[in-house]
Amino acid sequence: MYHGIINIDKEKGYTSHDVVARLRGILKQKKIGHTGTLDPDATGVLPVCLGVGTKLCDMLTDRRKQYRAVLLLGVATDTEDISGAVLSEREVAVTEEQVRRTVLSFVGEYEQIPPMYSAIKVDGKKLYELARAGKTIERKPRHVEISEIVVEQISLPRVEMTISCSKGTYIRSLCRDIGDALGCGGCMESLVRTQVGSFLLQDAVKLDTVEELVREGKIADYVMPVEHTFLEYPAVKVQADWEKPLKNGNPIHASGFVGWNPQAKQEQSWARMEDVPVRVYDREGQFTGVYEFRKEKGLYFPQKMFLL
């Protein structure tokens with residue numbers, strides 16, 4: 001069984017669940033999970049967790065994301081992208097400067113109303129199920145943050161943008177909101193996810209490539225170890241007396257750790273860092289989990305364990 005994360009370049013026409021289903025067949029293992037949905041018409045980065053790495057799914061969903069999108073002005077659809085039924089078509093009587101200024105006005109925090117065609121649940125029902133049944137309900141705005149928008153090209157009625165944003169942001173809805181702010185409406189024409197946390201599009205592999213790598217016996221080179229997700233955290237190794245509590249997922253006193261360099265396989269001096277989690281290795285140098293310090297207890301507690 002494979003354990004870790006594989007960076008998939010999702011192709012158009014696949015749902016995130018389709019990707020997982022095909023990978024289960026290719027890798028011959030059931031324990032696989034994706035890190036957040038990507039629309040069937042969208043392409044790009046979809047980190048997929050394998051084996052014990054599935055414990056990372058909720059953590060990777062929270063990572064910041066980057067997209068390359070094309071906004072088509074003058075057309076509004078029910079799905080807020082080009083695949084939907086057209087609701088209105090209007091003249092695009094705006095200048096490039098107006099477009100640029102309006103697009104950049106969305107940088108920062110704002111309350112975004114999610115699309116009806118989304119997987120958000122309301123009273124146990126997914127919104128897209130209600131939408132397909134011809135129902136439209138009021139959706140509560142969601143707090144999102146757009147950290148950066150770079151306007152790459154304007155060729156009206158199209159605007160190409162690179163967007164960096166928080167989790168839960170719908171780029172379709174951002175396109176809708178920009179179009180509404182310009183008074184002509186708009187929808188998303190295309191979308192490529194270029195980054196999720198440290199996972200980049202240039203490092204991603206397509207499903208056909210995964211299949212080929214498995215045949216060649218090279219797929220392990222493309223499975224990122226779980227610990228690589230936490231490289232920004234200092235590494236510590238457990239002292240011999242605390243090995244059993246670690247394996248049982250129990251709290252550990254700071255004196256139970258020593259600094260550790262996994263690359264050099266070398267112990268080193270370590271000063272307690274109370275404000276950041278630590279990635280913990282056992283006496284054999286195997287990564288076991290992430291611990292965080294709780295001042296009120298004076299101990300390190302497990303945040304997430306990854307024992308095989």
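Reader: Which residues of α5 are buried?
Author: They are I171, R172, S173, L174, C175, R176, D177, I178, G179 and L182. Buried means under 20% relative accessible area, exposed over 50%, and partly exposed in between, with a 1.4 Å probe and protein chains only. This is a predicted model, where local features need pLDDT of at least 70, side-chain atom pairs count only at pLDDT 80 or more, and totals for chains, interfaces and linings use all residues. Residues are numbered from 1 along each chain as its sequence is written, and side-chain values use heavy atoms, leaving out hydrogens and water.

Reader: What makes α5 mostly covered?
Author: Of its 12 residues, 10 are buried. They pack against β4, α3, β7, β10, β11 and β12. Contact means heavy atoms within 4.5 Å.

Reader: Why is α1 called roughly parallel to α6?
Author: The axes of α1 (16-27) and α6 (207-216) cross at roughly 10 degrees. Angles under 35 degrees count as roughly parallel, over 145 as roughly antiparallel, 65 to 115 as roughly perpendicular and the rest as oblique. So α1 is roughly parallel to α6.

Reader: Why is Q303 called partly exposed?
Author: Its relative accessible area is 31%, so Q303 falls in the partly exposed class. Q303 lies in strand β20 (299-305).

Terms used: Axes fitted to C-alpha atoms, helices over the stretch in contact; angles between N-to-C directions. Helix = DSSP H or I, 4+ residues; strand = E, 2+ residues; numbered from the N terminus.
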